[in-house]
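Subject: Structure handover and notes

Dear colleague,

I am passing on the structure we spoke about, and my notes on it follow below. Please read them with the model open beside you.

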Amino acid sequence: MTPDHVDVLIVGAGLSGIGAACHLRRRHPGRTYALVEARDAIGGTWDLFRYPGVRSDSDMFTLGYSFAPWTAPKSLADGATIREYLRRTADEHDVTRHIRFRHRVQRAEWDSQRGRWTVHVRREDTAETVVLTCSFLYACTGYYRYEAGHTPHFAGQERFTGRIVHPQHWPADLDLTDRRVVVIGSGATAVTLVPALARQAARVTMLQRSPTYLLALSSRDRLADALRRLLPARLAHPIVRGKNVLLAAANYQLSRRAPGLVRGLLRRDAARRLPAGYDVERHFTPRYDPWDQRLCVVPDGDLFTVVSDGRAEVVTDTVDAFTTGGIRLASGRELPADVVVTATGLDLLALGGMTLRVDGVDVDLPETVAYKGMMLSGVPNFAMTIGYTNASWTLKADLVARYVCRLLRHLDRTGTQIVTPVAPPPGPRPPLIGLTSGYVRRGVGRLPRMGTRGPWRLPQNYLRDLLSMRYGRLTDANVRFDRAGSPRRSPVDA
């Protein structure tokens, strides 16, 4: 079989992949590219997650693209509106026809003599293997396992006569009318689900081992609403985007520098929104500092509203065992349930499960170090997108895409074909993701590491990255540019 060849192969047609393709089309219109997507639709996470109430946890002026103004009324938008935005953006930039759906990348092999990747892809519809080649491989896979979420085994769950559901694969036939529902979890998914389920079910209980910090925000952006009446979308969008970038950065910096102050502000806001005498300390005051784990956004305070009016209850306890009719807690209390939703998190999966091989040597991802959070030491002509944990994912995705475009232009200008990050000196290798959330602790060891100093250390700071990645030099001692066919150096030097 003669393999198909493109200049750039993008893996994934979700938020990052569509954005990467659009940037490539805008800045390198003559360069060939393709996207391979394991699923059968555009959208990634936003097409996969269909549970009630699914929505953005970041404002859409920053989660949306810099080049595609967000025009929907709500800044904190529902999943269906986000999916439509992605599809429309892909169509408008002529990206959709370049997507090969139901193509799952299994492995990619780099050959320095030829200066190209050979990519082995399994077609999910026919089970055949397709071979593609590319000069640059760009992984926009995120870091979640799409096939299944994390569901711990609970004692006695086999005898439960109701239904157990994980939000990642929500059953289309699930009718919650007059049902008693227990949602296990306290993260963004649980916080999103509870208000939505409270509109359907007879009773909803959010069962959490420990609380999460909640930040109540308006679902609409007042500045955006005002500017839209005065300015075209292409002018209003960057103003609102810039304002939201600065507010998010200020929130994070204040949280890290004065955690006690922010903890107190969030606690007082929760108490103000809940009935007098509510045990805010037990149910809404975490043991960790703000931004040790990601803050959960509550649009228009909806979770507080359904708790206040009695449609939902928050219980802070641990599961002792499932019973035939519900869940028995460690305290001895039993929660009756017809449906249990295990909003217990996700599993991490590096690069969508694909493996890498460079000149006949397998790449051990946890042994690599991420250069600027987007390239891997010793791995040529490769980039990946991992978004911010303290701001909108797309802010980093946008910077990575533009940086890749700058790299490609530099290769053309210098007559070189290969760019490889040089491994940093030996030293501490902190995890690439610094959060203490359960899903991070469970899987971060499978991901690349980072260094202790730039450009190997991720600052989690959009403004610093903006200066470095948009306007900083491409050539430094940490990367090497070569021509195809140059002698292969050792991984430490390469």
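Predicted model: local features only at pLDDT ≥ 70, side-chain atom pairs only at ≥ 80, totals over all residues.

Two strands are taken to pair if DSSP finds at least two bridges between them.

The open sheet of five strands has the order β7-β16-β8-β9-β12, and its pairing is parallel. Its edge strands are β7 (163–165) and β12 (312–316), each of which pairs on one side only. Neighbouring strands in this sheet are turned against each other by 20° on average, if direction is ignored. Between β9 (residues 203–208) and β12, which run parallel, there are five bridges, and methionine 206 has valine 314 as its bridge partner in β12.

There is also an open sheet of three strands, in the order β13-β14-β15, where the pairing is antiparallel. Because β13 (319–323) and β15 (334–336) stand at the edges with a single partner strand each, one side of each is left without a neighbour in the sheet. Here, too, neighbouring strands are turned by 20° against each other on average, direction ignored. Strand β14 (residues 326–329) pairs with β15 in the antiparallel sense over three bridges, and isoleucine 327 stands opposite leucine 335 in β15.

Turning to the helices, α13 (residues 462–471) has Tyr462, Asp465, Leu466 and Met469 as buried residues. Seen down the axis of α13, the buried residues fall within an arc of 110°, so they line one face of the helix. What covers them includes α7 (233–257) and α11 (393–414), whereas Arg464, Leu467 and Tyr471, on the other side of α13, are exposed. At the start of this helix, a side-chain oxygen of asparagine 461 comes to within 3.1 Å of the backbone nitrogen of leucine 463.

In helix α5 (residues 188–198) I looked at threonine 192, which counts as buried because its relative accessibility is 6%. The side chain of threonine 192 reaches the backbone oxygen of alanine 188 at 2.8 Å. Leaving aside neighbours within four places in sequence, threonine 192 is in contact with Tyr51, Pro52, Gly53, Val54 and Arg55.

Another buried residue is serine 58, with a relative accessible area of 11%, which lies in the loop between α2 (45–48) and α3 (60–63). The side chain of serine 58 makes a polar contact with that of arginine 294, at 2.8 Å. Beyond its neighbours within four places in sequence, serine 58 has contacts that include Leu63, Ser75, Leu76 and Ala391.

How many disulfides does the structure hold? It holds zero. Cysteine 140 is in no disulfide, and the nearest cysteine sulfur, which belongs to cysteine 405, is 11 Å away. With a relative accessibility of 7%, cysteine 140 counts as buried.

Most residues other than glycine have a negative phi, and most peptide bonds are trans. A cis peptide bond, with omega of about 5°, joins glycine 454 and proline 455, and proline 455 is found in the loop between α12 (438–443) and α13. Aspartate 178, which is not a glycine, has a positive phi of about 60°; its place is in the loop between β7 and β8 (180–184). Leucine 351 likewise has a positive phi, near 55°, and lies in the loop between β16 (339–342) and β17 (355–358). Is each of these two residues buried or exposed? Aspartate 178 is exposed, with a relative accessible area of 64%, whereas leucine 351 is buried, with a relative accessible area of 7%.

Conventions. Residues numbered from 1 in each chain as written. Heavy atoms only, no water. Buried < 20%, exposed > 50% of the residue type's maximum accessible area, 1.4 Å probe, protein only. Helix = DSSP H or I, 4+ residues; strand = E, 2+ residues; numbered from the N terminus. Arc of directions from axis to C-beta. Contact = heavy atoms within 4.5 Å. Polar contact = N/O pair within 3.5 Å; in protein donor to acceptor, adjacent residues only side chain to side chain. Axes fitted to C-alpha atoms, helices over the stretch in contact; angles between N-to-C directions. Disulfide = S-S within 2.5 Å.
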